[in-house]
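User: I am new to this structure and would like to learn how to read its features step by step. Could you give me the general idea each time and then the case at hand?

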Amino acid sequence: MSQGIRTSICWTLGIAALAWSTAALADYRVTCESRDNRYQRCPLNQPGYVTMHRQLSNARCRKGRDWDYDRREIWVDDGCRAEFNVATYGHEHHRGSSHGGSSRHDDHKDAKVAAGVLVGAAVLGALIHNANKHDAKYDDEGYQGARHNSYVPAWMVGTFTGYNPIHNASIRMTISRDGEMTAVADGQTLRGWVNGGELHVGSEVFTISQSRDGFVTSQVGDRHNQVHYHRTR
């Protein structure tokens, strides 16, 4: 692939390379406390995938019931006090590299291209949306109402494959029930999370629409940027 095409793809997709730079982002922790059993919000320094590191209260801390999170904050309620991990995720490089400065520059450039592969270009053909408009979350005991922003419906959970024709590259994406996403594309591993029914990868956000055999991701701000993912398991 020519350098011109790589540059064009990255600009078209609006990829912010620093969002996936391991040096630019670091995991951190937030302690949040519901005093007197009251609802409390605790702001996040940077958006990330939040998990409870340690419960500090005698009161229970149940995700979706007593605590949850979105891109801006963690909330707690009903006496929950806990320490939370916030994973902002850099990229993991699978290829061999040396310790020279040029290698680090190449890694940085490769991360941009890998991000472009994951986001994808416009897929030929119309989207095939699920004809059943019923939201399955209302049948799931794991969904506890409007404040459960980290809820992940069953149709998003599993391993899926997509294809980017411009890069001639396959993408393998896995989403856990807790919303953690891992994708391998163009020799790179990218990580992100599902929150509020959207996919978050670094600073970029993508809507996820259910299709007949998987889902379609579309970049917020550029609806023409779509990749169709097919379930493999």
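User: Where does Asp78 lie?

Analyst: In this predicted model, Asp78 lies in the loop between strand S5 and strand S6 (81-87), where helices (H or I, at least four residues) and strands (E, at least two) are DSSP runs numbered from the N terminus. Asp78 has a positive phi of about 55 degrees although it is not a glycine.

User: Is Asp78 buried, partly exposed or exposed?

Analyst: Buried means under 20% relative accessible area, exposed means over 50%, and partly exposed is in between, with a 1.4 Å probe and protein chains only. With a relative accessible area of 42%, Asp78 is partly exposed.

User: What should I know about the numbering and the limits of the model?

Analyst: Residues are numbered from 1 along each chain as its sequence is written, and side-chain values use heavy atoms, with hydrogens and water left out. As this is a predicted model, local features need pLDDT of at least 70 and side-chain atom pairs count only at pLDDT 80 or more, while totals for chains, interfaces and linings use all residues.

User: In what order do the strands of the open sheet with S2 come?

Analyst: Strands of a sheet pair through backbone hydrogen bonds, either parallel or antiparallel. Here 3 strands form an open sheet in the order S2-S5-S4, with antiparallel pairing; two strands pair if DSSP finds at least two bridges between them. Strand S2 (40-43) and strand S4 (67-69) are the edge strands, each pairing on one side only. Between S2 and strand S5 (residues 73-76) there are 4 bridges, and Pro43 has Glu73 in S5 as its bridge partner.

User: Which residues form the covered face of strand S9?

Analyst: In a regular strand the side chains alternate between the two faces of the sheet. Strand S9 (residues 169-175) has Ala169, Ile171, Met173 and Ile175 on its covered face, whereas Ser170, Arg172 and Thr174 are on the uncovered one.

User: How many bridges join S9 to strand S8, and how many join S9 to strand S10?

Analyst: Strand S8 (residues 158-164) runs antiparallel to S9 and is joined to it by 7 bridges, with Asn164 standing opposite Ala169. Strand S10 (residues 180-185) is also antiparallel to S9, and 5 bridges join the two; Val184 in S10 is the bridge partner of Arg172. S9 and S10 form a hairpin with 4 residues between them, and Gly179 in the turn has a positive phi of about 95 degrees.

User: Which residues is Val205 in contact with, leaving aside its neighbours within four places in sequence?

Analyst: Contact means heavy atoms within 4.5 Å, and on that basis Val205 touches Arg71, Glu198, Leu199, His200, Ser218, Gln219 and Val220, once neighbours within four places in sequence are left aside. Val205 lies in strand S13 (residues 204-211) and is buried, with a relative accessible area of 16%.

User: How many helices and strands does the chain have?

Analyst: The chain has 2 helices and 15 strands, and 45% of its 233 residues count as buried. Among contacts between residues at least 6 apart in sequence, 63% join residues at least 24 apart.
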